[in-house]
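User: Hey, can you walk me through a few spots in this model?
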Amino acid sequence: MKRLFLMGLLLTAIFNPTAQRALASSAYGVLTIEGANLTVEVHGVGVFNTPITLVLPVGNYTVTAEGQVGLEAKVFVSTSKLVRVEFSTAMPDELVEGNLTILGVKVTYDWWKNHPKYNSPPSLHPRIRGCGEVWSPFYYTDRPLPMTLEDVGDTIAKLTINGTIMPCYLQNSTQDISGKLEYIFYTIVGPFGTFGTSLKNTSFIPPLSSVKVTSDVPYVEGYLYNVSAASMVTPFTLILPVIPHDIYNVTAVDYYGGTLIIDHIPKIDTYNLSVGVNHTLLTAVVKLKPREKYAIKYHLKTAKKLITVKEEPAELYNLRISTKPENAKFIITDGILVANGTSPTTLYLPKGNYKVTAFANGSGAVKNFSLPETSEVELTLKPLPAMLILNITPKNASITVDGKPVENTTLTLAPGEHWIYASASGYVPDNISIVLSPNESRTLRVILKRLPSLRIETKPAGALVRIKNTTCTSPCKLTLKPGSHTIEVSLNGYQNETASVYLTAGESKNVSITLKPIKTQKTTTPLNPVQSTTAPATPTQGANFSTDASSEHSTILKLLLLGLLILGLGFALRRR
């Protein structure tokens with residue numbers, strides 16, 4: 001019964017009387033959404049249960065479905081066309097797997113984007129090695145962090161965050177988090193590339209981790225926060241700063257003896273990492289630990305099957321709706337398809353059999369009609385009440401109808417739209433919308449589902465478990481709301497662990513988490529200049545790193561040379 005007759009707003013403009021005259025010349029198309037027992041949202045239109053068909057003004061629409069795997073379809077509704085979106089479901093581990101914490105998985109179909117597939121990974125020339133040769137002409141300010149992605153190898157990209165300290169570890173002249181610390185830079189990234197000031201003394205070095213990314217569809221592009229470096233074609237490796245908590249008042253000394261103070265280096269340990277092919281993007285939200293090497297594999301072949309979008313012609317017929325009195329609300333249904341509006345107005349609907357219910361000021365009317373046989377429907381509203389019999393379980397549930405408390409009994413209501421809200425302690429509340437016709441008698445049966453429960457065990461036991469603002473000591477059992485939850489576990493002497501779980505109404509689930517002992521290691525804070533065993537890297541392709549204490553070039557000169565270099569490279573290099 002939930003949302004059976006109120007399927008959301010079809011034509012938002014028709015509620016505005018000044019816009020009604022323009023509707024007759026507007027163009028419309030049809031959007032059908034299919035899938036098994038899904039609740040979907042058409043952004044800007046409404047929330048519906050599948051299957052659902054909507055006649056919509058021509059334009060771009062985003063359809064989302066929440067679940068263990070989030071689904072999103074970005075489509076375009078064309079004039080007199082039917083766009084059919086079909087959602088299928090899958091488990092997160094069928095799409096993404098690896099030795100890292102995966103907090104969420106999402107599949108996006110984008111009508112306008114076509115993610116490329118290559119014959120082989122790119123070969124970047126001149127070959128990028130060392131700590132100074134990078135390609136980074138872009139600065140992304142519309143991402144979670146002011147950031148840039150640098151190519152530091154043919155198949156290695158590195159995230160640089162503006163205004164942070166970035167170490168460079170080399171192994172066989174290639175950047176690798178298990179290599180030798182060669183340089184430390186205070187980095188500034190901007191529209192003309194990346195500039196790094198070498199440091200010889202710093203109170204904090206942000207730790208790095210690496211993620212090797214593969215896919216069952218080879219040679220597809222990878223994205224971090226929807227940004228890609230040239231080297232990010234599977235298989236590739238990402239080097240990422242992983243700072244598990246905020247750091248304040250970091251001090252450093254550069255090679256010229258100047259003192260640098262960074263008031264705040266923000267926490268960053270969670271990343272949005274994706275791969276895409278054709279119109280499909282598969283995204284994993286991953287949480288990392290410092291100084292770890294990870295591997296993640298994406299199953300794009302499975303992801304491509306979860307959202308299918310097809311377009312076909314659809315003939316629409318105009319229909320004039322009028323009522324006495326005017327300005328009555330109406331809803332048109334054929335069991336699935338819904339159109340809402342205010343009379344008088346003109347709609348555009350496909351061929352079929354329909355029922356229209358109109359209501360205003362306690363009066364109502366209902367009429368059945370067919371298209372294309374009918375071109376105009378007139379309704380005369382009469383004050384004929386309807387009867388609603390409530391049968392809600394548990395019997396002690398609190399019930400409101402249109403915001404007013406009622407008993408679990410029989411009600412006499414005016415024809416039209418009504419909202420029923422039922423809640424009980426320990427149960428998931430339900431918000432139900434119905435439309436009653438004049439003289440109708442209906443029984444509404446609702447069984448509330450219990451809140452899901454989660455039992456958490458840890459090895460060893462006695463760990464602190466936190467889910468948002470709720471805590472307990474393992475082993476323990478928590479009652480939570482349906483949806484996605486992140487479990488954070490901590491115990492003295494052990495590494496913190498994080499797990500993700502999705503709970504549905506009425507579900508009971510067990511989660512077991514094994515904690516790893518903290519390895520004793522010495523702090524590696526350099527107090528002296530870091531000496532390179534090789535010649536300093538030559539700044540090329542958008543990077544200008546000062547790597548030698550004897551350098552006499554001023555910062556201004558470096559920036560000027562950098563700008564000229566970038567302008568020249570703009571003609572010679574092509575970034576995907």
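Predicted model: local features only at pLDDT ≥ 70, side-chain atom pairs only at ≥ 80, totals over all residues.

User: Where does D254 sit?

Analyst: D254 is in strand β19, which covers residues 247–254.

User: And which side chain of opposite charge is nearest to D254?

Analyst: That's K200, 6.8 Å away. D254 is buried but has no salt bridge, because a salt bridge needs the charged atoms within 4 Å.

User: Which residues is D254 in contact with, leaving aside neighbours within four places in sequence?

Analyst: T197, S198, L199 and K200. So K200 turns up again: D254 is in contact with K200, yet there's no salt bridge, since contact means heavy atoms within 4.5 Å and the opposite charge is 6.8 Å away.

User: Switching to S437: buried or exposed?

Analyst: S437 is buried, with a relative accessible area of 8%. The cut-off for buried is under 20%. S437 is in the loop between β37 (430–436) and β38 (441–447).

User: What does S437 touch, not counting residues up to four places away?

Analyst: K355, T357, V366, A386 and P415.

User: New topic: how many cavities of 30 Å³ or more?

Analyst: Two. The second largest cavity holds about 50 Å³ of space.

User: What lines the second largest cavity?

Analyst: Its lining includes I161, M166, P206, I243 and I268. Strand β12 (residues 164–171) gives the largest share of that lining, three residues.

Notes:
Residues numbered from 1 in each chain as written. Heavy atoms only, no water. Helix = DSSP H or I, 4+ residues; strand = E, 2+ residues; numbered from the N terminus. Buried < 20%, exposed > 50% of the residue type's maximum accessible area, 1.4 Å probe, protein only. Lys, Arg positive; Asp, Glu negative; His and termini not counted. 1 Å grid on protein atoms, 1.4 Å probe; cavity = no way out; pocket = protein on both sides within 12 Å on 5 of 7 lines; lining within 4 Å. Points joined across faces, edges and corners; volume = space filled by probe spheres on them.
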